[in-house]
Amino acid sequence: MAATAVRAAAAAVTAAAGSPASLSRFRGALVAAVVGDCVGGEFEGAEEVPMETVLRHLNGLENDTKGDATLEYSDDTAMARCVVQSLLTRGGFDEQDMAHRFAKEYSASPGRGYGAGVIQVLKKLASPHLSDVYQPAREQYNGRGSFGNGGAMRAAPFALGFPEQANVKKFARLGAMLTHSCSLGYNGALLQALAVHLSLQGALELPQQFISKLITEMENVEEDDAARSDARFLKEADKPFCERLYRVKDLMGRSTVSIEEVISELGNGIAALHSVPTAIFCVLHCLEPRECFPESYGGLERTIAFCLALGGDTDTIACMAGAIAGAHYGIQAIPQSWIKCCEGAEDADVSAGQLHMLYQQLSQSDSSDIRTGEKSYGLWTENKSNGAEKKNGTQ
């Protein structure tokens with residue numbers, strides 16, 4: 001496609017999505033996350049997923065004979081719904097309320113694909129005698145904590161619940177630490193929430209500046225002593241997420257990038273380090289048309305399809321990429337047939353409108369009025385975790 005045509009297409013996308021933090025962007029972020037989770041679940045764990053197979057599956061969603069909500073959501077969406085409802089009910093972040101919602105949701109519907117590690121945490125969070133809701137996660141894996149992507153998969157609502165970037169980062173981190181106390185787990189959630197926040201503001205219109213902004217932010221985040229300790233323990237780079245984001249930037253500069261290269265350079269697994277940067281790259285890579293996709297596909301459709309073709313943890317990667325892409329393209333970019341097939345998508349659309357109202361209210365109020373969950377926030381400032389674990393019951 002000629003450069004002028006690409007620019008024209010980009011302008012059309014911007015117009016459709018509306019102004020920064022528009023209702024369309026909110027709806028796009030929350031609904032596309034659910035769609036990515038539901039659609040991605042079909043290929044979770046697959047080692048090889050030919051693009052032809054992906055496109056055939058997605059084309060099948062257009063079939064009128066499919067029933068409503070045919071594709072079920074996983075723990076990704078189940079826990080994100082808890083985050084949304086807690087933020088809306090409490091008017092901000094309340095760690096006690098959120099933790100109790102996580103535990104109650106698991107108890108009510110345990111068959112959503114929860115990992116063995118987080119199940120242990122959720123069962124402990126259900127105890128009426130628990131005073132410190134961060135304690136169960138801190139105790140995981142001999143005190144090292146989990147570095148899985150379970151915190152990141154549910155991080156998008158924090159970007160929709162708080163206008164200020166500092167609050168997005170703070171509460172995404174605290175929300176993740178309820179189940180993932182290793183810095184490579186909660187910093188992955190922080191990065192995911194930050195990517196959605198920037199996309200919501202229209203930052204993806206300038207992709208190079210978008211990735212550079214993420215690198216700058218994570219450079220500061222990973223200066224933390226706990227982050228350095230965890231990185232050393234896990235034999236990762238000093239600043240693991242920064243190093244991965246530089247790989248993303250390098251891949252962006254290549255004329256062609258294969259599925260195999262993405263998996264080799266970024267990963268497609270259940271660790272936050274091996275999935276959050278991958279999701280970010282999928283969005284960036286699919287901003288422009290690619291030969292492997294139908295000409296009729298827009299950027300969000302390309303993003304979801306590319307995520308599925310990676311195999312591995314497809315539901316979570318597509319969920320995270322869907323949130324980032326949806327915040328950029330807006331609700332109009334999601335095919336109605338996809339929405340119709342996905343359990344929870346219509347509920348997400350309603351919740352997005354409610355979060356948008358909360359966001360607008362907080363935008364007009366003093367940031368000091370935001371609920372911070374006094375008890376556990378104080379505990380966190382005094383007891384920063386320096387543990388490092390692996391996710392879903394694997395060391």
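**Figure 1. Helix α15 and its cover.** In this predicted model, the buried residues of α15 are covered by parts that include α10, α11 (207–221), α13, α14 (259–266), α16 (299–309) and α17 (314–329). The buried residues run from Val276, Pro277, Thr278, Ala279 and Ile280 to Phe281, Cys282, Val283, Leu284 and His285.

**Figure 2. Ile280 and its contacts.** Ile280 is one of the buried residues of α15. Which residues does Ile280 contact, leaving aside neighbours within four places in sequence? They are Leu191, Ala195, Phe210, Ile211, Leu214, Leu245 and Ile324.

**Figure 3. The largest nonpolar core.** This core has 132 residues. Six of them touch the most other members: Val39, Leu58, Phe158, Leu214, Ile280 and Phe306. Helix α10 (residues 183–200) gives the most to the core, with 11 residues.

**Figure 4. Helix α10 against helix α13.** Two packed helices are described by the angle between their axes and the distance between the axes. For α10 and α13 (residues 240–252), the angle is about 50 degrees and the axes are 10 Å apart. By class, their contact has 5 nonpolar, 3 polar and no charged residues. On the α10 side are Ser183, Leu184, Asn187, Gly188 and Leu191. On the α13 side are Pro240, Phe241 and Leu245.

**Figure 5. Asn142, a residue with positive phi.** Asn142 is found in helix α7 (residues 135–143). Its phi is positive, about 55 degrees, although Asn142 is not a glycine. Is Asn142 buried or exposed? Its relative accessible area is 74%, so Asn142 is exposed; the cut-off is over 50%.

**Figure 6. Lys235, in a loop.** Lys235 sits in the loop between α12 (225–233) and α13. Lys235 is not a glycine, yet its phi is positive, near 60 degrees. Lys235 counts as exposed, at 73% relative accessibility.

**Figure 7. The whole protein.** The protein has 20 helices and 0 strands. Of its 395 residues, 58% are buried. Its accessible surface comes to about 15,500 Å², and 48% of that belongs to carbon and sulfur atoms. What share of the contacts with a separation of 6 or more joins residues 24 or more positions apart? The share is 78%.

Methods:
Residues are numbered from 1 along each chain as its sequence is written. This is a predicted model: local features need pLDDT of at least 70, side-chain atom pairs count only at pLDDT 80 or more; totals for chains, interfaces and linings use all residues. Side-chain values use heavy atoms; hydrogens and water are left out. A nonpolar core is a set of buried Ala, Val, Leu, Ile, Met, Phe, Trp, Tyr and Cys residues joined through side-chain atoms within 4.5 Å. Buried means under 20% relative accessible area, exposed over 50%, partly exposed in between (1.4 Å probe, protein chains only). Helices (H or I, at least four residues) and strands (E, at least two) are DSSP runs, numbered from the N terminus. Contact means heavy atoms within 4.5 Å. Accessible areas come from the Shrake-Rupley method with a 1.4 Å probe; for residues, only the protein chains shown count as cover. Axes are lines fitted to C-alpha atoms, for helices over the stretch in contact, and angles run from 0 to 180 degrees between N-to-C directions. Ala, Val, Leu, Ile, Met, Phe, Trp, Tyr, Cys and Pro count as nonpolar, Asp, Glu, Lys and Arg as charged, and the others, Gly among them, as polar.
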